[in-house]
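Keep the view open as you read, and hop to each residue as it comes up.

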Amino acid sequence: MNPLISTVDFNERPFIAIWEVTQACDLACVHCRASAQPDRHPMELSTEEGKDLIDQIAALKVPVFVLTGGDPIKRPDLFELIDYARSVEVRVSLTPSATPLLTREVVVRLKTAGLARLAVSMDGASAETHDAFRGMSGSFARTLDAVRWANEIGLPVQINTTFSRRNIAEIDDLVALMDSLKITLWSVFFLVPTGRGKLNDLLNAEEFEQVFATIYDLSKKANFDIKTTEAQHYRRFILQQGVAERKAGSAPKLHPDKAADAIGRAPRGLNDGKGFVFISHTGEVFPSGFLPLSGGNIRLQELAVIYRDSPLFQGLRDTSRLEGKCGACEFKEVCGGSRARAYSLTGNPNAEEPCCVYVPKGFVPPLQAARAATLHVLRRA
Ligand code: SF4
Ligand code: SF4
């Protein structure tokens, strides 16, 4: 994790900005939050608008800037945009789709244009399961090819994996696969039922803990970093494990960089709209790609103004608005639960995280409280 995270005031600027350069993609993943389809949208931000956005990212000094999609390779000006970002000292990561458009020549051109990191998706440990997830046979093999090509030319690689009911049984095989690859970061996403993502595929709270335990163990020995997306309660898990291990006298001897990473990440409380911003292909500014509520449009307002001043973003950074368990939780400043998942299941971005096992000390669920109050009244009557 970037050590700069401890220096970023989330009220002033995001730590991560993701620009969805296009919604077009030739894959048809079952969990696609973008509901991507093959053709580019006529109202996509133009090259000049994209460069203006990159200038704003540079002025805001956002440490992590990601070009995503759709499939960014569907944009013919992709190399020009990356080259431009480099010229204004913005480091760019890219998440291309593993289709026939992703060739060795393209990977080399991306590096030459100034790409800092290539991020590819791996949602199954075998071609059979990954390709079924992605809706295209050959996608697994192409992903492995892309990793190898990037390794060959010294371009850092990140793997993105989305855990859902469809692949949780493969978690040990996926861990073994990650261990066998030369990667910088394993970015572990947890499904949010939005776009094509289905509620039936959502892991339950116990299954979240199971994944947390597996990646926590892996983080102690892996030679790559691990980060989670839309699982803010992994920070609560790390803190709880740290306390338990210190009590047991078995606190892990992490590599100093990793120790700083785990500790540095935990207190920061990065969340949707709080250190994180997503700019859609038409310029709408969302708190994340999984939370489709717009704070404004960069065609009408500066990104900084929307991020700092829109009621939506200000509200999401205000932990006093959290409801249910999250509102009562002693971990809410470092965690706060996934605002995107709360919104997708309830329509309320301040509702409690639906997939967390933790019950805050002294918290009484509203139904239980109502039942107790009724009993109290009945006993007094
Ligand atoms: S590769 Fe990404 S954008 Fe394309 S369909 Fe899959 S999830 Fe959607
Ligand atoms: S109850 Fe909410 S704030 Fe507390 S750990 Fe769970 S998700 Fe995080």
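A residue counts as near a molecule or strand when its C-beta atom, placed from the backbone, lies within 6 Å of it. (Ala, Val, Leu, Ile, Met, Phe, Trp, Tyr, Cys and Pro count as nonpolar, Asp, Glu, Lys and Arg as charged, and the others, Gly among them, as polar.)

A quick word on what you're looking at. This is a predicted model, in which local features need pLDDT of at least 70 and side-chain atom pairs count only at pLDDT 80 or more, while totals for chains, interfaces and linings use all residues. Residues are numbered from 1 along each chain as its sequence is written, and chains are lettered from A and ligands numbered from 1 in the order in which they are written.

How confident is the predictor? Its score for each residue, pLDDT, runs from 0 to 100. The protein chain averages 91, and 90% of the residues score at least 70. Residues 259–267 are another story, with a pLDDT below 50; beyond near neighbours in sequence, that stretch has 18 contacts in the model. Two residues are in contact if their C-beta atoms, placed from the backbone, lie within 7 Å.

Now hop over to ligand 1. Around it you'll find Cys 25, Leu 27, Ala 28, Cys 29, Cys 32, Ala 34, Ala 36, Gly 69, Gly 70, Asp 71 and Ser 97. By class, that shell has 7 nonpolar, 3 polar and 1 charged residues.

Gly 69, from that list, is worth a stop. It sits in the loop between strand E2 (64–68) and H2; helices (H or I, at least four residues) and strands (E, at least two) are DSSP runs, numbered from the N terminus. With 26 C-beta neighbours inside 10 Å, Gly 69 counts as buried. The cut-offs here: 20 or more other C-beta atoms within 10 Å of a residue's own make it buried, 12 or fewer make it exposed, and anything in between is partly exposed, with C-beta atoms placed from the backbone. Setting aside neighbours within four places in sequence, Gly 69 has contacts that include Cys 25, Ala 36 and Ser 97. Ser 97 is 28 residues away along the chain, yet the two C-alpha atoms are separated by 8.4 Å.

The bond from Gly 69 to Gly 70, though, is cis, with omega near 20 degrees. Ser 35 isn't a glycine, but it has a positive phi of about 45 degrees. You'll find Ser 35 in the loop between strand E1 (16–20) and helix H1 (47–60), where it is partly exposed, with 13 other C-beta atoms within 10 Å. Glu 89 is also no glycine and has a positive phi of about 65 degrees. This residue lies in the loop between H2 and strand E3 (92–94) and counts as exposed, with 8 C-beta neighbours inside 10 Å.

Next, look inside. In soluble globular proteins, nonpolar side chains tend to be buried together. A nonpolar core here means a set of buried Ala, Val, Leu, Ile, Met, Phe, Trp, Tyr and Cys residues joined through C-beta atoms within 7 Å. The largest one has 89 residues, and Ala 17, Phe 65, Leu 118 and Ala 146 have the most contacts inside it. Helix H2 (residues 78–87) gives the most to this core, with 5 residues. A second, separate core of 8 residues includes Cys 25, Ala 34, Ala 36 and Phe 133.

Phe 133 leads us to helix H4 (residues 127–134), whose buried residues are His 130, Asp 131, Phe 133 and Arg 134. They cover an arc of only 155 degrees around the axis, which puts them on the same side of H4; the arc is that of the directions from the helix axis to the C-beta atoms. Helix H5 (139–152) is included in what covers them. Arg 134 has 26 C-beta neighbours inside 10 Å, and beyond four places in sequence it is in contact with Leu 27, Cys 29, Asp 123 and Ser 139. Just after H4, Gly 135 takes a positive phi of about 75 degrees.

Conventions
pLDDT = per-residue confidence, 0-100.
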